[in-house]
Amino acid sequence: MQAIFHAMSVRKILTPSDMPPVGPKLKELRLRAKPTLSIRKIADALEIPHASYQFYEREDGYKKPLLPLDFARRVAAILAKHGVSPTDVMALAGLTESEAEPEAREIEAQRPVAQFATMTVALPSEAALTDMFESLLSLIPPDATRAEAAQILARRLPSGFAACGPLALDQLSAPMPAASAAVQSPATDHRAPGPSSRS
């Protein structure tokens with residue numbers, strides 16, 4: 001009889017409804033990120049409203065002891081870029097270490113690997129670039145920090161170039177530079193002044 005009572009007590013302790021909300025643990029992992037991730041930054045990275053993300057961190061918001069698995073996967077992918085182990089995040093969805101390990105490997109495998117190449121690039125006209133940058137700058141909220149503005153521009157720049165349209169070679173007015181031509185900085189590429197036309 002005592003053994004049955006003990007088993008019932010253990011079952012009672014492990015009942016999910018008796019476990020504390022997962023929000024504070026999620027917040028702790030976010031604050032562990034390097035560099036630091038604000039609620040605004042992680043919500044932007046997840047492409048959800050700031051209030052929607054904040055709901056998961058608040059004890060009086062999301063009251064469940066475990067995160068939804070799909071949401072945990074998305075958060076783990078973001079935090080992995082900031083030095084937080086995906087296994088720690090997946091544990092908040094109730095996965096054991098052995099269950100979380102394949103998820104963590106999948107997240108790490110999806111992280112982009114930088115590749116470097118030297119190439120000559122033909123940019124659109126100054127007017128087209130001006131229009132592109134004006135449209136990109138309009139996406140930045142007035143209260144955004146410089147870091148947040150830079151992140152928005154970095155994320156949107158490829159689509160900004162794509163919106164300029166293809167650039168045909170017959171549209172180019174300048175000759176393509178020779179492969180051996182040295183690249184010079186506009187700040188240091190000054191020609192010596194020629195002789196004065198005044199006598």
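Reader: Which residues have the most contacts inside the largest nonpolar core?
Author: This is a predicted model, in which local features need pLDDT of at least 70 and side-chain atom pairs count only at pLDDT 80 or more, while totals for chains, interfaces and linings use all residues. Residues are numbered from 1 along each chain as its sequence is written, and side-chain values use heavy atoms, leaving out hydrogens and water. A nonpolar core is a set of buried Ala, Val, Leu, Ile, Met, Phe, Trp, Tyr and Cys residues joined through side-chain atoms within 4.5 Å, where buried means under 20% relative accessible area, exposed over 50% and partly exposed in between (1.4 Å probe, protein chains only). The largest such core has 28 residues, and those with the most contacts inside it are Leu67, Phe71 and Leu79.

Reader: Which helix gives the largest share of this core?
Author: Helices here are DSSP runs of H or I with at least four residues, strands are runs of E with at least two, and both are numbered from the N terminus. The core of 28 residues takes at least two residues from each of H2 (23-31), H3 (39-46), H4 (50-57), H5 (69-80), H6 (86-91) and H7 (97-110). The largest share, 7 residues, comes from H5.

Reader: Thanks! Against which helices do the buried residues of H5 pack?
Author: Start with the buried residues of H5, which are Phe71, Ala72, Val75, Ala76, Ile78, Leu79 and Ala80. Packing here rests on contact, meaning heavy atoms within 4.5 Å. The helices that these buried residues pack against are H2, H3, H4, H6 and H7.

Reader: And which residues is Leu67 in contact with, leaving aside neighbours within four places in sequence?
Author: Leu67 is one of the residues with the most contacts inside the largest core. With neighbours up to four places away set aside, its contacts are Val22, Leu26, Tyr56, Tyr62, Ala72, Leu92 and Ala93.

Reader: How many helices does the chain have?
Author: Along the sequence the pattern reads α-α-α-α-α-α-α-α-α. There are 0 strands, and the number of helices is 9.

Reader: Why do the buried residues of H8 line one face of the helix?
Author: Helix H8 has Leu129, Met132 and Leu136 buried. The directions from the helix axis to the C-beta atoms define an arc. Seen down the axis of H8, the buried residues fall within one arc, so they line one face, and that arc is 60 degrees.

Reader: What lies on the other side of H8, and is it buried or exposed?
Author: The buried residues of H8 pack against helix H9 (146-163). On the other side, the exposed residues are Ala127, Asp131 and Glu134.

Reader: How far apart are the end C-alpha atoms of H8?
Author: The expected span of a helix is 1.5 Å times one less than its number of residues. For the 12 residues of H8 (126-137) that gives 16 Å, which agrees with the separation of the end C-alpha atoms, 16 Å.

Reader: Is Glu148 buried or exposed?
Author: Glu148 is found in helix H9. Not counting residues up to four places away in sequence, Glu148 touches Ser38, Arg40, Lys41 and Asp143. With a relative accessibility of 9%, Glu148 counts as buried.

Reader: What kind of pair do the rings of Tyr53 and Phe71 form?
Author: Rings of Phe, Tyr and Trp (its six-membered ring) pair if their centres lie within 6.5 Å, with planes under 30 degrees apart counted as stacked, over 60 as edge-to-face and the rest as tilted. The structure holds 5 such aromatic pairs. For Tyr53 and Phe71 the centres are 6.4 Å apart and the planes lie at 35 degrees, so the pair is tilted.

Reader: Which helices hold the two partners, Tyr53 and Phe71?
Author: This pair links distant parts of the chain, 18 residues apart. Tyr53 counts as buried at 0% relative accessibility, and Phe71 counts as buried at 7%. Tyr53 and Phe71 lie, in that order, in helices H4 and H5.

Reader: Where is Pro35 found?
Author: The peptide bond from Lys34 to Pro35 is cis, with omega near -10 degrees. Most residues other than glycine have a negative phi, and most peptide bonds are trans. Pro35 sits in the loop between H2 and H3.
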